Amino acid sequence: MSIEHFLDNSISSWMAGVGQHSDIVMSTRIRLARNLNGYRFPLAFTEDEAHKIDQSVSATLLDASDELDMQFSSIHIKDVSELSRQVLVEKHLISPKLANSPMTGSVLLSNDESVSVMVNEEDHIRIQCLFPGLQIQEAYAQADVLDRVLDKELPYAFDEQFGYLTSCPTNTGTGLRASVMMHLPALTMTKQMNRIVTIISRLGMVVRGIYGEGSEALGNVYQVSNQTTLGKSEEDILADLQSITEQIIQKEREARDALLKHSANTLEDRLYRSLGTLSFARIMATDEAARCLSDVRLGIDMGLIEDVDVSILNECMVFMQPGFLQKYAGTSLNTSERDMFRAKLLRERLQKEEKQKTKGEESE
Amino acid sequence: MKKVKNERGVLKVICENCKQRPAKVTVTQVHNGEHLERHYCEVCANSLHPFYVEYKQDPLSLHQLLSNWFSQTEQQPMQQKQQKNIIVCDECGWSIQRFLDEGKFGCANCYNSFRPQLPNVFKRLHNGNTKHTGKAPGALGEKIALKKRIEAIRTQMKDAIATESFEEAAKLRDEARDLESQLSTGGGDQTNVN
């Protein structure tokens, strides 16, 4: 499959809005960091080593496509334009680090984009599995299968005391980072996030805004992930994340109920205003768009807004980013042009939905 | 840019957005090649430009923490300290100082070269842990997985005995024995997993 398939389409399989607790947990991601014996880590290796690693990892995965029942497309980062790299980053298919690497590297993508294997990022191999909703065990099972396939053919760097050896000491051990992306508008509105962030950090876990390190998350989307990778088994890491996630879900639901009970009218007004802004505004900056999308999403989840599909909002969060906008526009745009084009796309996307809805009702 | 005199007669720049608080942050926007400077107070700057802030390095960088931990905990005489800094990995040529500066290892062999120093680092990064307890690759991994299964069966067996289900316990005992024989013969290579 050509790279265009991944670039033109802002929809990925994780956006379907399915899976457990999908009204709060948008997606689950598992990442395994692995390195090969006999080659230095990407910070210290030569172009020659990079090339050899890329070849053997890519070949192993492409050969295993029958066994895995999964077709991979291999994309060499050096062959891809800067804008296309940015689009891949915005879709979370590759990291900024890989996009900017001067050395040979590539990404292997499954056609539905649920699996991406980065070669020569910070580590030789980064296996990533992205599932919709809360599916920690399922996503890990998928990553584990890929890990075993690679392990059969390639010599992993492993130490009995330290486990899987990684470039960064924060990944040493299991090399496992499990994370869930959560939409937590009610906890944010009721100013409870700071307290939650503090508590969670004591449990060897981290919470951060998905689009940055700041405490105020863009679009109220937060990522909760494990911090500890050494001295805890994979099972324990996953179980702990599951239990913390479930508790946060519970708290978010309580906060939503409280909002509905104490200020239903104000809330409904705010959510519908945001829907109005998205449907009619002519200039829209990223943060305003993210805030409005979050409001509308909350409105749908709480049954206050009925005729918009959640999967559209997931898609909007992705395509309103600068790289995607320019890809759609087919030209580079400056900030104010981007804000206008963003407003236009959001308007069109929501109207298209509206039309399909009315058509469907007429034919019934 | 709006300037006002404060009580001591010193000119102060006022935030362009709220026009109330003194400006503390200058945001430079590049607009069609033209540089445009905007002056905001901290509150407005944060709300207006949440992502345009580009740090030269991580807000709290790992290598800073690493270096601090080392200097805090290892208050050694100067001579010894210098000796520590010239431990070099023979595979990639990185010194332990370089590891601390970068916050990253140069190669897998660095773990071997800096082994005595590492528990101190890991303890802080991983909630006090210094030893891997998870999955392992290849034959070693299978052996560890087998051992874990045997352990789990033994626990079940104890539970069965506690509830006086002796038939069940005997079955579990045999199962554990089977797996143990697999472990001693099937494992193949003689790596000691403990």
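These legends accompany several close-up views of a predicted model.

**View 1. Strand S4 of chain A, a well-covered strand.** Welcome to S4(A), which runs over residues 115–119. Of its 5 residues, 5 are buried, and the strand is mostly covered. Val115(A), Val117(A) and Val119(A) point one way from S4(A), while Ser116(A) and Met118(A) point the other way. In a regular strand, side chains alternate between the two faces of the sheet.

**View 2. The pairing of S3 and S4 in chain A.** Here S4(A) meets strand S3 of chain A, residues 106–110, in the antiparallel sense. The pairing of S3(A) and S4(A) runs over 4 bridges. To find your place, look for Leu109(A), which stands opposite Ser116(A) in S4(A). S3(A) and S4(A) form a hairpin with 4 residues between the strands. In this hairpin, Glu113(A) takes a positive phi near 70°.

**View 3. The pairing of S4 and S5 in chain A.** Strand S5 of chain A covers residues 125–132 and pairs with S4(A) in the antiparallel sense, over 5 bridges. A handy landmark is Val115(A), whose bridge partner in S5(A) is Cys129(A). S4(A) and S5(A) also form a hairpin, with 5 residues between them.

**View 4. Asn120(A) in the loop between S4 and S5 of chain A.** Zoom in on the turn to meet Asn120(A), with a phi near 65°, a positive value in a residue other than glycine. Most residues other than glycine have a negative phi. Is Asn120(A) buried or exposed? Asn120(A) is buried, because 27 other C-beta atoms lie within 10 Å, and 20 or more count as buried.

**View 5. Asn127(B) in the loop between H6 and H7 of chain B.** Now over to chain B, where helix H7 covers 138–162. How many other C-beta atoms lie within 10 Å of Asn127(B)? There are 15, so Asn127(B) is partly exposed.

**View 6. The side of chain B that touches chain A.** Stepping across to the interface, 32 residues of chain B are in contact with 39 residues of chain A. Helix H6 of chain B, residues 118–125, supplies the largest share of the chain B side, 3 residues. By type, the residues on this side of chain B divide into 15 nonpolar, 12 polar and 5 charged.

Notes: Residues numbered from 1 in each chain as written. Chains lettered and ligands numbered in written order. Predicted model: local features only at pLDDT ≥ 70, side-chain atom pairs only at ≥ 80, totals over all residues. Buried ≥ 20, exposed ≤ 12 C-beta atoms within 10 Å, placed from the backbone. Helix = DSSP H or I, 4+ residues; strand = E, 2+ residues; numbered from the N terminus. Pairing = 2+ DSSP bridges. Contact = placed C-beta atoms within 7 Å. Nonpolar A, V, L, I, M, F, W, Y, C, P; charged D, E, K, R; others polar.
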